[in-house]
Amino acid sequence: MSGDVRKKQNKRWLEELLAGDHEAFARFVDKYKEMVFLCCRTMGIRDYEIEDVASETFMAAYKGIRRYRGQAELSTWLWTITYRKGIDYLRKSGRENQLFVEQDEKLAERRNVQVSAELENKEQADIVWEAVGRLPKLWAMATVLFYREEKKVKEIAKIMRVSQNTVKTYLFRSRKRLQELLADVV
Amino acid sequence: MLFESISMSVIKKDKFNIMLSHALQEHSEPVPADFTDRMSRRIREAEEQKVLARVVMQERLALAGCIVLGIMIVFSVAFFPSVVANFKELVETSIRQATQTINTIQYGLYLYAVFTGIFGFAVYGFVDLLVGDRWR
């Protein structure tokens, strides 16, 4: 399929989406569900709670899609909604402080495994993911957005509602901590 | 490492960043297979609830209107009989004047159109109130 055709299809899909078309929204859910689940998990929302938060996120997106004006990418817009829903959920369940705390206990267990294991690419990816999961959730969030989603610092700041300098600090500290955590892997 | 004006081209220069980027991008997040279907169903149900709530609200308003009108009439007849009598007179006078006006204009088409429009709109409003939700 040529780029032009794809562009036209995307434009049409977006128009249908903004008009509140159900089929177009189903495709939207299909396309971004993994991203929404990933965001929830990165924020430390538990497995059995993730689906609820993801559903709430998509409902909010459905209600708000008519107000989407295309200033930001659709994915950035959805990341913003998911992040806010996640924060709200953690606040309601009294677990907001986990956003700032590192999980030390599991780290020690994992390090033992790292030393003895011979790592393939997939395993390395899993270990990196585990290490990211142990970071304070705000650092992990910035890291995932920056390294995985390839968002710019400005976009991350918008999603997380913090200044760009704060994002840079998160990224700097997270990178430093990950280097320590993954010293045996890399 | 400074994170100012970072783009992927900058990231690609650093080995640790490359590893980090690749490893995180390789991760795939498990999502329940039927999540999209369930989400679509939930949205449809929410839409249906919205339509239902609108219809219920319309019916409640219509019912409230009838009750208030009835109470007002009873109240007026009981406590302000002179006003009611005046009102009756007023209506009769208006009808008489309207008839005279119609005669004056000699059955002008314009007036017919206006009255037909008003009557049509009233019928439409009444029917829409009763069975409008079945049409939509």
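**Briefing: chains A and B**

From the N terminus on, chain B runs α-α-α-α-α. That makes 5 helices and 0 strands in chain B. The model is predicted. Of the 136 residues in chain B, 4% are buried.

**Where chain B meets chain A**
- On the chain B side, 25 residues are in contact with 32 residues of chain A.
- Two elements of chain B each give two or more residues to this side: helix H2 (15-26) and H3.
- By class, the side of chain B that touches chain A holds 15 nonpolar residues, along with 5 polar and 5 charged ones.

**Helix H3 of chain A**
- Helix H3 of chain A covers residues 47-64, which is 18 residues.
- At 1.5 Å a residue, H3(A) should span 26 Å, and its end C-alpha atoms are 26 Å apart, so the two values agree.
- The buried residues of H3(A) are A:Ile50, A:Val53, A:Ala54, A:Thr57, A:Phe58, A:Ala61 and A:Tyr62.
- Within chain A, these buried residues pack against helix H2 (22-42) and helix H4 (74-92).
- They also pack against helix H3 (35-79) of chain B.

**A:Thr57, a residue of H3(A)**
- A:Thr57 sits in helix H3 of chain A.
- Is A:Thr57 buried or exposed? It is buried, because 26 other C-beta atoms lie within 10 Å and the cut-off for buried is 20 or more.
- Leaving out residues up to four places away in sequence, A:Thr57 touches A:Val36, A:Ile81, A:Thr82 and A:Lys85.
- A:Ile81 is 24 residues from A:Thr57 in sequence. In space, the C-alpha atoms of A:Thr57 and A:Ile81 are 6.4 Å apart.

**Helix H7 of chain A**
- Helix H7 of chain A has 12 residues, 137-148.
- H7(A) is mostly covered, with 12 of its 12 residues buried.
- The buried residues of H7(A) include A:Trp139, A:Phe146 and A:Tyr147. Also among them are A:Lys137 and A:Arg148.
- Just after H7(A), A:Glu150 takes a positive phi of about 55°.

Key. Residues are numbered from 1 along each chain as its sequence is written. Chains are lettered from A and ligands numbered from 1 in the order in which they are written. This is a predicted model: local features need pLDDT of at least 70, side-chain atom pairs count only at pLDDT 80 or more; totals for chains, interfaces and linings use all residues. Helices (H or I, at least four residues) and strands (E, at least two) are DSSP runs, numbered from the N terminus. The expected span of a helix is 1.5 Å times one less than its number of residues. Two residues are in contact if their C-beta atoms, placed from the backbone, lie within 7 Å. Ala, Val, Leu, Ile, Met, Phe, Trp, Tyr, Cys and Pro count as nonpolar, Asp, Glu, Lys and Arg as charged, and the others, Gly among them, as polar.
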